[in-house]
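These are my notebook entries on one protein structure. I looked up a strand, an interface between domains and a single residue, in that order.

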Amino acid sequence: MSINLDTLRESIRGTVTGPDDDGYDAARAVRNGMIDKRPAVIVRVASAGDVMTAVRFAADSDLSVAVRGGAHSVPGFGTADDALVVDLSAMRGVRVDPMTHTARVEGGATWGDMNAATYPFGLATTGGIISTTGVGGLTLGGGIGYLARGHGLSLDNVVAADVVTADGSFHVASEKNDPDLFWAIRGGGGNFGVVTSFEFRLHPVKDIYGGPMFFELDKAGDVLRFYREFIQDAPEQLGVFPAYQIAPPLPFIPEDRHGEPFIAMVACWAGDLEAGEKALKPIQDIAPRVAEMVGPMPYPVLNSAFDALVPPGLHHYWKANFVKELTDDAIAAHLEHGPKLPAVNSTMHIYPINGACHRVAPDATAFAHRDATFATVIAGMWPPDQVDDATGTAWVRDYYDATAPYSEAGGYTNFAAEDDQDRVRANYGPSYDRLREIKIKLDPGNLFRHNQNIVP
Ligand SMILES: Cc1cc2nc3c(=O)[nH]c(=O)nc-3n(C[C@H](O)[C@H](O)[C@H](O)COP(=O)(O)OP(=O)(O)OC[C@H]3O[C@@H](n4cnc5c(N)ncnc54)[C@H](O)[C@@H]3O)c2cc1C
């Protein structure tokens, strides 16, 4: 079927870019430079009305819809061959209500937009650890970040959302209104529609005490064994995770150690600053630190501290698992594979899932893995002119194969790779069947299929 973009242009306030238009290559690009898809049209929407029009146009033209917020999806779900892309990157407004401690956030905002807007009010909510990541994709799949132990996942803080579903209709979803849709979008990813705005609950967080600490590789076993015990009942104001990381050329790291792999701990104390110094002490005492950049800082500064490690265009390939118990055998696998990082941009993190994340019932939202203790991600990222794709992906796959026997079958959908589609059921876990029922009602034609897809 041929599509007439002129008709679409007449009814869209934003920008419509087709394959014959200038700017098509820039408009179709996503952050993962390995993704090279050719959509039928990219609609850079300016409003919820534009989204409704674009979705209806796609349905009428027999096009699938790919939704793009911050464009960070590792499998590149924010674009697809022959699809209509709803690009939300022009819809990034954030309005903070200091009276109710809530923020209304447009669907294309990044965590940098969100934190910059809430910081002056001394407020924040759980978001990702990199400021360029989109609020949309991260929240709809879960939302793991520094504040999660104290305040839950990002999706636990969603109070309401405006959603355009596959028939182009507009829904205000909340516990009271459209409760099935509200349940499904909190963990079911982009399967159910386009979220044009979220309302988030905010918490009193302004300046934090934290930063990264680097330890010698031969202390990695001590660090991981310490972490698995310590994090179980550490104060919930503390977000912290271990990371394998090659030392970037930064002034706080001795110059002769740049380019070497280390085990790091990255911490964020979101409480009284003086208490933070005390809270981090046990971590600093695990072993002598080779380098650290720890101190009081605005929360948005920590949230953007590692942005330079993940510029647009890197090649990405990631794998993930939930873990209930970090066993000695699992740690042995980390000790073997972690240090083999292919590039300074690559990393492996073990995020804690406990505290406030565990206080939400497994069926209260579609994010069902409330019995996991950790979410592990092996994040392969490399500049294509320095590391070839076969080497980068082999590191991720070998590492994943070695740790999978000590992990749950499911992993965090937001960290999954394109070739993880056969794990969709395990990734959604016990929520899968209800998600599928809701998908059948709201999107029987699977218009929204470029995601960890629940096939109706
Ligand atoms: C560098 C980097 C750092 C990351 N750090 C974290 C982290 O700290 N914590 C964490 O939990 N995850 C993290 N992630 C994973 C992240 O949650 C996912 O990549 C997520 O999909 C990114 O969302 P996005 O909006 O930027 O991506 P996009 O590629 O724009 O969107 C991905 C998918 O999400 C859906 N989507 C996005 N926005 C909307 C919307 N408004 N309405 C409907 N559907 C939408 C669509 O299905 C879309 O295809 C990170 C990823 C990267 C690459």
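Which residues point one way from β17 and which the other way, and are they buried or exposed? I noted that H315, Y317, K319, N321 and V323 point one way, while H316, W318, A320 and F322 point the other way, and that all are buried. In a regular strand, side chains alternate between the two faces of the sheet.

Before going further, I recorded that this is a predicted model, in which local features need pLDDT of at least 70 and side-chain atom pairs count only at pLDDT 80 or more, whereas totals for chains, interfaces and linings use all residues. Residues are numbered from 1 along each chain as its sequence is written, and side-chain values use heavy atoms, with hydrogens and water left out.

Entry on β17. I took buried to mean under 20% relative accessible area, exposed over 50% and partly exposed in between (1.4 Å probe, protein chains only). Strands are DSSP runs (E, at least two residues), numbered from the N terminus. β17 runs antiparallel to strand β19 (residues 374–382), with 9 bridges between them. For N321, the bridge partner in β19 is T376.

Entry on the domains. The domain bounds come from an automatic or database assignment, which gives domain 1 (6–87), domain 2 (94–204) and domain 3 (207–421). I found the C-alpha centres of domain 1 and domain 3 to be 33 Å apart. Counting contact as heavy atoms within 4.5 Å, I found 8 residues of domain 1 in contact with 16 residues of domain 3. Buried area is the accessible area (1.4 Å probe) that two parts lose on being put together, summed over both. Between domain 1 and domain 3 it is about 950 Å², 58% of it from carbon and sulfur atoms. R31, M34 and V74 supply 59% of the area that domain 1 buries against domain 3, more than any other three residues.

I also searched for salt bridges (a side-chain nitrogen of Lys or Arg within 4 Å of a carboxyl oxygen of Asp or Glu). The count between domain 1 and domain 3 is 1. K37 forms a salt bridge with E418, with the closest N and O atoms 3.5 Å apart.

Entry on R68. This residue lies in strand β3 (residues 65–68). R68 counts as buried because its relative accessibility is 5%. Leaving aside residues up to four places away in sequence, R68 touches several residues, including A27, R28, G78 and D87.

Notes
Helices (H or I, at least four residues) and strands (E, at least two) are DSSP runs, numbered from the N terminus. Two strands pair if DSSP finds at least two bridges between them.
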